[in-house]
Amino acid sequence: MTAPLDVRNDIRSMDARGGVPRAEIARRLRLSRNTVARYADMEDMSPEPPMPAHRARPAIDPHTGWIDDLLEVDLGAPRKQRHTAKRIHDRLVEERGYKGSYSSVRRHARRWRLDCAAGAGDGHLELEWAPGTAQATPEDNPFQMAEDLRRLRRENERLKRENEIPLKASAFFAGRQL
C-alpha cells in the first residue's frame, strides 16, 4: 500500500520520538504493521523511478556483440566513412545470415550511439553538501570578482579620459611660441 505523504510524515514523527511502538502507530493510523515498518525504516522518501523491463530481442541478440564491435571500430574513422544502420543491416544479411528487420538494427545502433555519447555516466557529479556550505564567500564568488573587474576597468577608462585633456592642452601650448 502506498500511503499519502502526510501519513508517511506521521509515521516517521511518531517513530522518531521513540515512545510510540510501531504496533500502536499501526492501530492509530489504521495501517498494516508491515506498512508502518516500511515507512519508518525508509531513509529516502523519494519514489523509485519506473524502470522498463528488459525485453528479449531474439532476432538481434545473437548479433549485438558483432554490431557493437563494428560501431566501436567506427569511432576512430572519419564521420563520412562510418557504418550507417542501413549498411550494418546489409552486412548482417550478407555475412551472418540475419533474418531480422532493419528497424531492429537501427534501434540497436541508435541506443549504442546514445550510450556512447552519454559516456556511461562520465561528467556528472552528485551534488551533495552539508546545509549552509553551498553559499560562496564574497572572496570566492566568481560573479562578484567579475563585477569588481568590470568596475575597475570602467574606472581606469574614466581616468584615462580625464588625463587625456590636460595632456592635449599641454601639448598644444608647448608647441606654440610665446
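A salt bridge is a side-chain nitrogen of Lys or Arg within 4 Å of a carboxyl oxygen of Asp or Glu. The model examined here is predicted.

**Exercise 1.** Determine how the side chains of Lys 86 and Asp 90 meet, and how the two residues are placed in their helix.

Solution. 
1. The N-to-O distance for Lys 86 and Asp 90 is 3.4 Å. The cut-off is 4 Å, so the pair meets in a salt bridge.
2. Both residues belong to helix H5 (residues 85–96); because they are four residues apart there, about one helical turn separates them.
3. Lys 86 is partly exposed at 46% relative accessibility, and Asp 90 is also partly exposed, at 25%.

**Exercise 2.** Describe the salt bridge between Arg 27 and Glu 24, and classify the accessibility of each partner.

Solution. 
1. The closest N and O atoms of Arg 27 and Glu 24 are 3.1 Å apart.
2. Helix H2 contains both residues, at a spacing of three residues, or about one turn of the helix.
3. Exposed means over 50% relative accessible area. Arg 27, with 58%, is therefore exposed.
4. Glu 24 has a relative accessibility of 24% and counts as partly exposed.

**Exercise 3.** Identify which parts of the chain are linked by the salt bridge of Asp 41 with Arg 22, and name the network to which these residues belong.

Solution. 
1. Asp 41 and Arg 22 form a salt bridge in which the closest N and O atoms lie 2.7 Å apart.
2. This pair links distant parts of the chain: Asp 41 lies in helix H3 (residues 33–41) and Arg 22 in helix H2 (residues 22–29), 19 residues apart.
3. Arg 22 is partly exposed, its relative accessible area being 30%.
4. Asp 15 joins Arg 22 and Asp 41 in a network of salt bridges.
5. For the structure as a whole, the count of salt bridges is 10.

Note on methods. Residues numbered from 1 in each chain as written. Predicted model: local features only at pLDDT ≥ 70, side-chain atom pairs only at ≥ 80, totals over all residues. Heavy atoms only, no water. Buried < 20%, exposed > 50% of the residue type's maximum accessible area, 1.4 Å probe, protein only.
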